[in-house]
Amino acid sequence: MAPVLCGVAVTAALAAPTAQATPGGHEDREPRWALTATGTDARFRGLAAVGRDTAWVAGSGGTVLRTTDGGLHWRDVSPAGAAGLEFRDIEAFDRRRAVALSIGEGEASRVFRTEDGGATWTESFRNTDARAFYDCLTFFDSRHGLAMSDPVDGRFRILSTSDGGRSWRVLPDAGMPAAQPGEAGFAASGQCLVSSGGKDVWLATGGAAAARVLHSGDRGLTWTEAVSRIPAGDPARGVFGLAFRDRTHGIAVGGDYRADQASPDAASVTGNGGRSWRSAAVPPPAYRSGVAWLPHSRRSALAVGPTGTDVTRDGGRTWRTVDTGSYDTVDCAPDGGCWAAGEKGRVARLR
């Protein structure tokens, strides 16, 4: 499912720091975004934070950009002939190796891989099933990864690689719970399929009676299901983004992506690996599509959406808005580098 968001770009209202940052992270200071000049008006829903200096973004019009100097300069490394594609997810292993996913029905869903910083790309998968629509991908390590499609024959379809994205195969669906009528994933932030550690992966859903989070502990072979507590019951509502800081503690964000609709209970949390979820006591005030844990933090995370950025300091139970700029996705790297990206070429780094 590919939502069309109606948020209007807002000049970032950058909050002043309130405390000194701890080395290598943002645990003890107020989040503060610094916009970078990308030179494009593409909408970036795919984002891979490699570190403070290196990040990749992927978006509309087949656009892929890369920076290796902290956003001072962005290089257009878009795959040749991809202008008609919509990239919604990108996973990067370092400054040279990355895997990008384009979304859409049938052959519009494709996977590309580069090993030379985007100078050249290889198309490693093209969907030939008109019933499939791929939304997100994730990697456990530099070799093993998964991609997910909206339901085919009543179950979400999972694609697997064991060679870093060079080749892919469809996994059997015997261990996948049946999909609800109208259920799908949201290709809004590259976070409808996320992993932690070597085998655990979670899949977010929406569009049906209940917004669910599915979990697999064996790299996508068998799955369990849980209700996320984020309101659903409409094709525009559900879970849009997930983040796990380990195999136990996770946050889900979402709501209703329509700008004229309220999004109460737009975040929920789990402390048992997704077996159960509870609503945030003080949720973000509006729809949020992306979420990320701050590096080296057990309690702090960011959530982003078209109307702003929120921070939690208590593991997702309470949130407060710290920025009003429009972003679709957010990602943080182990070295403390955090990035956000969204509409009209907006990409920012956390200072």
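## Pairing pattern

Counting the bonded cysteines of the chain in sequence order, the disulfides (pairs of cysteine sulfur atoms within 2.5 Å) follow the pattern 1-2, 3-4. The structure has two such links.

This is a predicted model, in which local features need pLDDT of at least 70 and side-chain atom pairs count only at pLDDT 80 or more, while totals for chains, interfaces and linings use all residues. Residues are numbered from 1 along each chain as its sequence is written, and side-chain values use heavy atoms, with hydrogens and water left out.

## Cys136 and Cys192

Let's start with the disulfide between Cys136 and Cys192, where the sulfur atoms sit 1.9 Å apart. Cys136 belongs to strand S10 (residues 133–139), whereas Cys192 is in the loop between strand S13 (169–170) and strand S14 (193–196), so this pair ties together parts 56 residues apart in sequence. Strands here are DSSP runs of E with at least two residues, and helices are runs of H or I with at least four, numbered from the N terminus.

The link of Cys136 and Cys192 is right-handed, with 115° about the S-S bond. Cys136 has 0% relative accessibility and counts as buried; buried means under 20% relative accessible area, exposed over 50%, and partly exposed in between, using a 1.4 Å probe and protein chains only. Cys192 is buried too, at 0%.

## Cys332 and Cys338

Next comes the disulfide joining Cys332 to Cys338, with an S to S distance of 2.1 Å. The link of Cys332 and Cys338 is right-handed, with 110° about the S-S bond.

How buried are these two partners? Cys332 is buried with a relative accessible area of 15%, and Cys338 is buried at 0%.
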